[in-house]
Amino acid sequence: MPVVDEEQLVRAVARGDRAAFEDLYRRTAPWLTVRLRRRCSDDQVVAEVVQETYLAVWRAAGSFAGSAVDGTAVGWLWAIAARRLVDAFRRRARQERPLPPAEPVPAAEDEVLAGTFDDAVGGALRDLAPDLRQVLQAMVLDGLTVRETAVLLGVPEGTVKTRARRARIALREALS
């Protein structure tokens, strides 16, 4: 049996292939769940977001552009999930029941990001204040907008903009 990557699985899902959908879910759901739990400590919300994400994948797999636009299937899944999580935060805010804050845990992305760059950049990223690093992660790594980042972090949009500016200035100073 040939090895099939996630992009090929999404293409098969677009054709209605249930086995491909199950394989895609088995491969990516654990990773997606862990990544969502880093941003939300409410397991019920995380489970709902995972479910909504895969429902969206089943319905919209045909719209996946993939490598034609320098995208990956896993990146596409994360973009869907991140937006579903922001929607969950918005719903919760309207219901006036705030989500419990996530426990600060060293992020695998932080470690990978720091290891990807040379010592100077990695050190500069590690030295950033956690609130500045969170904004960079949400906006740069996760590709969220200022508004989505504000909802995700539970801060005003102006605060997100200020933190992003402060993070860029701090990185520029550390690397000069």
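A salt bridge is a side-chain nitrogen of Lys or Arg within 4 Å of a carboxyl oxygen of Asp or Glu. The exercises below use a predicted model, in which local features need pLDDT of at least 70 and side-chain atom pairs count only at pLDDT 80 or more, while totals for chains, interfaces and linings use all residues. Residues are numbered from 1 along each chain as its sequence is written, and side-chain values use heavy atoms, with hydrogens and water left out.

**Exercise 1. The chain as a whole**

State how many helices and strands the protein chain has, and what share of its residues is buried.

Step 1. Helices (H or I, at least four residues) and strands (E, at least two) are DSSP runs, numbered from the N terminus. The protein chain has nine helices and zero strands. Read from the N terminus, the order is α-α-α-α-α-α-α-α-α.

Step 2. Buried means under 20% relative accessible area, exposed means over 50%, and partly exposed lies in between (1.4 Å probe, protein chains only). Of the 176 residues, 38% count as buried.

Step 3. Accessible areas come from the Shrake-Rupley method with a 1.4 Å probe, and for residues only the protein chains shown count as cover. The protein chain exposes about 10500 Å², of which carbon and sulfur atoms supply 54%.

Step 4. A contact means heavy atoms within 4.5 Å. Among contacts with a separation of 6 or more, 66% are between residues 24 or more positions apart.

**Exercise 2. Salt bridges**

Find the helix that holds Arg11 and Glu7, and classify each of these residues as buried, partly exposed or exposed.

Step 1. Side chains of opposite charge can pair when their charged atoms come close. The count for this model comes to ten salt bridges.

Step 2. Arg11 and Glu7 form one of them, with 3.1 Å from N to O. Both residues lie in helix α1 (residues 6-14), four residues apart, which is about one turn of the helix.

Step 3. Arg11 is partly exposed because its relative accessible area is 32%. Glu7 has a value of 17% and is therefore buried.

Step 4. Compare another pair: Asp23 and Arg27 form a salt bridge with their closest N and O atoms 3.5 Å apart. This pair sits in helix α2 (residues 18-37), also with a spacing of four residues, about one turn. Asp23, at 22%, is partly exposed, and Arg27, at 35%, is partly exposed.

Step 5. In a further salt bridge, the closest N and O atoms of Arg37 and Asp43 are 3.2 Å apart. Salt bridges that share partners join Glu6, Asp23 and Arg27 into one network.

**Exercise 3. Arg90 and its contacts**

Locate Arg90 and list its contacts beyond its neighbours within four places in sequence.

Step 1. Arg90 is in helix α4 (residues 73-94). Its relative accessibility is 29%, so Arg90 counts as partly exposed.

Step 2. Leaving aside neighbours within four places, Arg90 contacts Arg147, Glu148 and Val151.

Step 3. Arg90 and Val151 are 61 residues apart along the chain, yet their C-alpha atoms are separated by 6.9 Å.

**Exercise 4. Arg172**

Determine whether Arg172 is buried or exposed, and name the helix in which Arg172 lies.

Step 1. Arg172 lies in helix α9 (residues 157-175).

Step 2. The relative accessible area of Arg172 is 56%, so Arg172 is exposed.
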